[in-house]
Amino acid sequence: MNILVTGGNGFIGKHLVRDLNNCGHKVFLLKSNISNYASLQKEIENLNFDTVIHLAGLGHVVDHSPSLLYETNVIGSQNVVLAVEKNYEKKKIFLASTCHVYSDTKSPISETFLLGPKSHYAASKLAMEFICNNTATRNEIVSLRLFNCIGIGQKENFFIPKIVKAHIQKEPVIHLGRLDTKREFNDVRWAVKIIRSLAEVDAPSGTYNICSGEAFQASEMLRIVSEKTKHFPEIISNVELLRPDEQSIIVGEPTKTFNTLNHNGIRLRQPPIRKILEGMITEYKRQIDAQENL
């Protein structure tokens, strides 16, 4: 397949592009800023792609202004769809959305669960879904609601990279937020295989959770990293790191996604969490050692 990828230089994007290339797909990396419709439209008008995987946008950990979030995630994403609409028809456009569009619950969340975004980031992603679905008349939209992913290349203001690097560097104290929350900690390499597979099987338009259905408490992840690095730092709860809108548990229901893949003979099993963390520790240690030897 020929696949146009936006946001290919981001955390998930780099892993997706590598996976697509390894599987023999031809990848077009969008160079234009998605907020610049004229540049975007001109860039893609002569590309011969089959599918679009739209990852470009702003995340929720960094404190972006609300106006920038909506301008990028909503209007920028609409620009992508408009550019495709102007030049092509019968293309599938996969949008990277988020599990944060759902309301609070302690139960596994399916795609039909009540919507209730509690932040501008989450609201911008839900608005993106609605606007892009309404904009696409000649092409089809697939919304991918991603649950928490971890892996090499994730920024250090995310929980797992932060604690892994702090343990490798033997920091005596780590300042963290809440440790009683439960989240999915999915291997990003596994998540992009799901995204790639949904594109390969030409998944019907609609919404798909990219999740495992397995959640772990943050304190458990911290304990595993401490055990594997044999370093046990002092943990201090920093009120500045506590988010008022933090949900106590977020876990997805992957049945629809898995059934779609299984129907096409695809079964993707995620590695055990200890193996995922062990791989991250090994790679981060290698990177730190390489930097110190420069």
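These questions and answers walk through a predicted model. Local features need pLDDT of at least 70, side-chain atom pairs count only at pLDDT 80 or more, and totals for chains, interfaces and linings use all residues. Residues are numbered from 1 along each chain as its sequence is written, and side-chain values use heavy atoms, with hydrogens and water left out.

Q: Which strands are the edge strands of the open sheet of six strands?
A: Helices (H or I, at least four residues) and strands (E, at least two) are DSSP runs, numbered from the N terminus. Two strands pair if DSSP finds at least two bridges between them. The strand order is β2-β1-β3-β4-β5-β10, with parallel pairing. Pairing on one side only marks the edge strands, β2 (26-29) and β10.

Q: Over how many bridges do β3 and β4 pair?
A: β3 covers residues 51-54. Its T51 stands opposite K92 in β4. The two strands pair in the parallel sense, and the number of bridges is four.

Q: At about what angle to β10 does α6 run?
A: Axes are lines fitted to C-alpha atoms, for helices over the stretch in contact (heavy atoms within 4.5 Å). Angles run from 0 to 180 degrees between N-to-C directions. α6 lies across β3, β4, β5 and β10. Its angle to β10 is about 155 degrees.

Q: Is H231 buried or exposed?
A: H231 sits in the loop between α7 (218-229) and β12 (234-237). Buried means under 20% relative accessible area, exposed over 50%, partly exposed in between (1.4 Å probe, protein chains only). H231 has 13% relative accessibility, so it counts as buried.

Q: How many disulfides does the structure hold?
A: A disulfide is a pair of cysteine sulfur atoms within 2.5 Å. The sulfur of C23 is 17 Å from the closest cysteine sulfur, in C149, so it is too far for a bond. For C132, the nearest cysteine sulfur is that of C99, 19 Å away. The number of disulfides is zero.
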